Amino acid sequence: MSSPKTDRAALEAFWMPFTANRQFKAAPRLLSRAQGMHYWTPDGRKVIDGAAGLWCVNAGHGRREITEAVAAQIAEMDYAPPFQMGHPLAFELANALIEIAPKGIDHVFFTNSGSESVDTALKIALAWHRVRGEASRTRLIGRERGYHGVGFGGISVGGMVNNRKYFGSLLPGVDHLRHTHDPERNAYSRGLPAHGAELADDLERLVALHDASTIAAVIVEPIAGSTGVLLPPKGYLQRLRELCTKHGILLIFDEVITGFGRTGSAFAAQEFGVVPDLITCAKGLTNGAIPMGAVLVRREIYDAFMSGPEQSIELFHGYTYSAHPVACAAGLATQRIYRQGLFEHARSLAPCWSDAVHALKGRPHVVDLRAYGLVAGIELEPRAGAPGARGYEALVRAFESGLLIRTTGDTIALSPPLILERADVDQIFETLAAVIDRIA
Ligand SMILES: Cc1ncc(COP(=O)(O)O)c(C=O)c1O
């Protein structure tokens, strides 16, 4: 049998997501095994994981506790319908999640991905205003450069042009806040950038334009990940919270990337001391092992739906695989691992991580460095006339050098499993420095 690595025809059928298919299939990068901080390629090459897969394997690869829980659950009960029926693990996992959620956020709606979590949160926001008698609040506000997955709701409130421009007119009644990336004032900031809290006042502009009575919700990522790791300016999220409260607008934090310890706290909401009304999450919820997402909701929002006749369904929304028993088993095993001090470990390594990121200053093409918790953005200057080419070259060279990174445009995004140790930090940055030095 020919190896898929050399046989291009064998790679043809799979239309790969967010991938340059022809380029990939001409020179595939395959992963076939994973353990701890590492992947292995089919030909046995070891690759250190600088991206936690795709920001999701927070507890590291191949965790026995998760594998065993999944295997046991699939043998015990493979599937149970979530509509008008329940199974014990779903309730147990919801309780485990509210234990680590910010105070006041104490209900959980299960989904299967970040994109579904975003669409669910937007729908809950719209329905909440309606059940409270403010049905005129239908407008949704996102932010330029935001990423909220790929559903029509998510791309409508999202602000990355390539994710939007091919897909028609999207949802009506959506507007966007200005993004917060301001390298002129904030390049090479250590920790959160000092400048830009006033950008939250952009919400006042949209309120003046549309009137608060038409606005249902604002959705932002506390740290904008997919657009290149943009950290919130000091005071920005606080200001946004104040303005949403002032105008009766729900605030949604999309914590699909920042949830489950990435910043050193369970959620960025706690890290930055700002409690939103809803939190979307996915990825690290099950350590990436089984697809699952969730929307965490403030009690008052849930309570508002719990009126009317008891026999009536309160929210006409849900998925066949909401609270899938195997995903719940993976989620519970994952949360048990997290409770063994993993977030604290991430926090303790953050200063060493930040030092290593900022030590790249002065390397060729580097124009900004951003680090927080165990996440980093390394912005390279685009090659003249070829935006994204340097980023792609970095990805390929890093992989050839035994390091998995994520790139978006010309920014390298790093988000390793939270289990990493100082020696892993050294290895990641020694490799990356050599890669950057060789980029044309
Ligand atoms: C902030 C944010 N929201 C939503 C999503 C979408 O998640 P998924 O790919 O699981 O649908 C992502 C994925 O990276 C994300 O970073």
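## Around Ile405

Not counting residues up to four places away in sequence, Ile405 touches Gly50, Ala51, Ala394, Leu395, Ala398, Ile412 and Leu414. This is a predicted model, so read the contacts with that in mind. Ile405 itself is found in the loop between β13 (403–404) and β14. Buried or exposed: which is Ile405? Ile405 is buried, because 25 other C-beta atoms lie within 10 Å of its own, and the cut-off for buried is 20 or more.

One of those partners deserves a second look. Leu395 is 10 residues from Ile405 in sequence, and the two C-alpha atoms are 6.2 Å apart in space.

Now for the individual pairings. β11 and β12 run antiparallel and are joined over 6 bridges, and Asp368 has Glu379 in β12 as its bridge partner. Their hairpin has 2 residues between the strands, and Gly373 there takes a positive phi near 50°. Next along, strand β12 (residues 375–380) pairs with strand β15 (residues 411–414), again in the antiparallel sense, over 4 bridges. Ala376 is bridged to Leu414 in β15, and Leu414 also turns up among the residues that Ile405 touches.

## The seven-stranded sheet

The other sheet to look at is open as well, with 7 strands in the order β4-β10-β9-β8-β7-β5-β6 and mixed pairing. Which strands stand at its edges? They are β4 (105–111) and β6 (174–177), each of which pairs on one side only. The twist here averages 20° from one strand to the next.

For a piece of the antiparallel pairing, take strand β9 (residues 278–281) and strand β10 (residues 293–298), joined by 4 bridges. Thr280 stands opposite Val295 in β10. As for helices, α4 packs on the sheet and touches β4 and β10, with its direction at about 130° to that of β4. Helix α9 (residues 202–210) lies across β5, β6 and β7 (215–220), running at about 150° to β6.

## Where α4 meets α13

Besides touching the sheet, helix α4 (residues 88–100) packs with helix α13 (residues 325–338) at an angle of about 35°, and their axes are 9 Å apart. The crossing of α4 past α13 is left-handed.

On the α4 side, the contact uses Leu89, Ala90, Glu92, Leu93 and Ala96; on the α13 side, Pro325, Cys328, Ala329, Gly331, Leu332 and Gln335. Sorted by class, the contact has 8 nonpolar, 2 polar and 1 charged residues.

## The ligand shell

How many residues surround the ligand? There are 14, and the closest are Ser113, Gly114, Ser115, Gly149 and Val256. Helix α5 (residues 114–131) supplies the largest share of the shell, at 3 residues.

## Two positive phi angles

Arg145 isn't a glycine, yet its phi is positive, at about 70°. Arg145 sits in the loop between β5 (139–143) and α6 (152–157). With 21 other C-beta atoms within 10 Å, Arg145 is buried.

His365 is also not a glycine and also has a positive phi of about 70°. Its place is the loop between α14 (342–358) and β11. Why does His365 count as partly exposed? Because it has 17 C-beta neighbours inside 10 Å, and partly exposed covers the counts between the exposed cut-off of 12 or fewer and the buried cut-off of 20 or more.

Conventions: Residues are numbered from 1 along each chain as its sequence is written. This is a predicted model: local features need pLDDT of at least 70, side-chain atom pairs count only at pLDDT 80 or more; totals for chains, interfaces and linings use all residues. Axes are lines fitted to C-alpha atoms, for helices over the stretch in contact, and angles run from 0 to 180 degrees between N-to-C directions. A crossing is left-handed if the near helix is turned anticlockwise from the far one by less than a right angle, and right-handed if clockwise. Two residues are in contact if their C-beta atoms, placed from the backbone, lie within 7 Å. Ala, Val, Leu, Ile, Met, Phe, Trp, Tyr, Cys and Pro count as nonpolar, Asp, Glu, Lys and Arg as charged, and the others, Gly among them, as polar. Two strands pair if DSSP finds at least two bridges between them. A residue is near a molecule or strand if its C-beta atom, placed from the backbone, lies within 6 Å of it.
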